[in-house]
Amino acid sequence: MAQKVSKEKIMTNPGSNSGDSAAVAKFDEALKQLTLARQSDPKARNSEVLAVALTVMAEPDGLNALSARVAAMESKGLFANTDWGKPAILQPALAARTLRQGAPDYTAIEALLWHR
C-alpha cells in the first residue's frame, strides 16, 4: 500500500549518495518485478513502483537517484498504458489539480515526469 509523504519532504533534496539506500534498492527491485509481470500481463499495474518512488523521493538525494533511473523506468514500461506514456497529450495545467488531490500514485508519477 502506498504511503503518504508530505510535499515538503519530497522537495528537500540534500545529500550526495544518490542510489545508496535500502529504499533505492527496493525501488530497483519493484521496477524489475514490474518488468517481469508485464511479460505475462502487459497491463500489470505500476502502483508498487510508484509507492516505493515516493519513499525514495523523501530521502536525501532521492530525486537524483530516481533521475539517474529515468531511462530504465521508460525502457521497462513504468509509464506504459498511461497518459504519462504519451507526453504529447499531457496538459501541464492539470498537474496542479492532480497534485492537490494527493493520490500517492499520481503524486509520484507527476514528480518523476517533472524531474526527468
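Is Val-52 buried or exposed, and what is its relative accessibility? At 4% relative accessibility, Val-52 counts as buried, where buried means under 20% relative accessible area, exposed means over 50%, and partly exposed lies in between, with a 1.4 Å probe and protein chains only.

Good morning, colleagues. The model before you is predicted: local features need pLDDT of at least 70, side-chain atom pairs count only at pLDDT 80 or more, and totals for chains, interfaces and linings use all residues. Residues are numbered from 1 along each chain as its sequence is written, and side-chain values use heavy atoms, with hydrogens and water left out.

I begin with the overall composition. The protein has 7 helices and 0 strands; helices are DSSP runs of H or I with at least four residues, strands are runs of E with at least two, and both are numbered from the N terminus. The order of elements from the N terminus is accordingly α-α-α-α-α-α-α. Of the 116 residues in the protein, 37% are buried. Contact, in what follows, means heavy atoms within 4.5 Å. When contacts between residues at least 6 apart in sequence are considered, 75% of them join residues at least 24 apart.

I turn now to one pair of helices. Two packed helices are described by the angle between their axes and the distance between the axes. For helix H2, residues 22-40, and helix H3, residues 47-57, the axes come within 9 Å and cross at roughly 165°. This arrangement makes H2 roughly antiparallel to H3. On the terms used here, axes are lines fitted to C-alpha atoms, for helices over the stretch in contact, and angles run from 0 to 180 degrees between N-to-C directions. Angles under 35 degrees count as roughly parallel, over 145 as roughly antiparallel, 65 to 115 as roughly perpendicular, and the rest as oblique. The crossing of H2 past H3 is left-handed, meaning that the near helix is turned anticlockwise from the far one by less than a right angle, whereas clockwise would be right-handed.

Which residues form this contact? From H2 come Ala-23, Val-24, Lys-26, Phe-27, Ala-30, Leu-31 and Leu-34, and they meet Glu-48, Val-49, Val-52, Ala-53, Thr-55 and Val-56 of H3. Sorted by class, the contact of H2 with H3 comprises 10 nonpolar, 1 polar and 2 charged residues. Here Ala, Val, Leu, Ile, Met, Phe, Trp, Tyr, Cys and Pro count as nonpolar, Asp, Glu, Lys and Arg as charged, and the others, Gly among them, as polar.

How many of the 11 residues of H3 are buried? The count is 8, so H3 is largely enclosed by the rest of the structure. The buried residues of H3 include Leu-50, Ala-51, Leu-54 and Met-57.

Let me return to Val-52, which is placed in helix H3. Leaving out residues up to four places away in sequence, Val-52 touches Ala-23, Lys-26, Phe-27 and Ala-30. Val-24 belongs to helix H2 and counts as buried, at 4% relative accessibility. From Val-24 to Glu-59 the C-alpha separation is 9.3 Å, across 35 residues of sequence.

Asn-46 is in the loop between H2 and H3 and counts as buried at 10% relative accessibility. Apart from its neighbours within four places in sequence, Asn-46 is in contact with Leu-34, Arg-38, Leu-78, Thr-82 and Ile-109. Ser-47, found in helix H3, counts as partly exposed at 22% relative accessibility. The side chains of Ser-47 and Arg-45 are joined by a polar contact of 2.9 Å. A polar contact is a pair of N or O atoms within 3.5 Å; within protein, one must be able to donate a hydrogen and the other to accept it, and residues adjacent in sequence count only if both atoms are side-chain atoms.

Beyond H3, Asp-61 sits in the loop between H3 and helix H4, residues 62-67. Most residues other than glycine have a negative phi. For Asp-61, phi is near 65°, a positive value in a residue other than glycine. Asp-61 is also buried, with a relative accessible area of 5%.

Lastly, Ala-111 lies in helix H7, residues 104-115, and is buried at 16% relative accessibility. Ala-111 and Ala-53 are 58 residues apart in sequence, with 9.5 Å between their C-alpha atoms.
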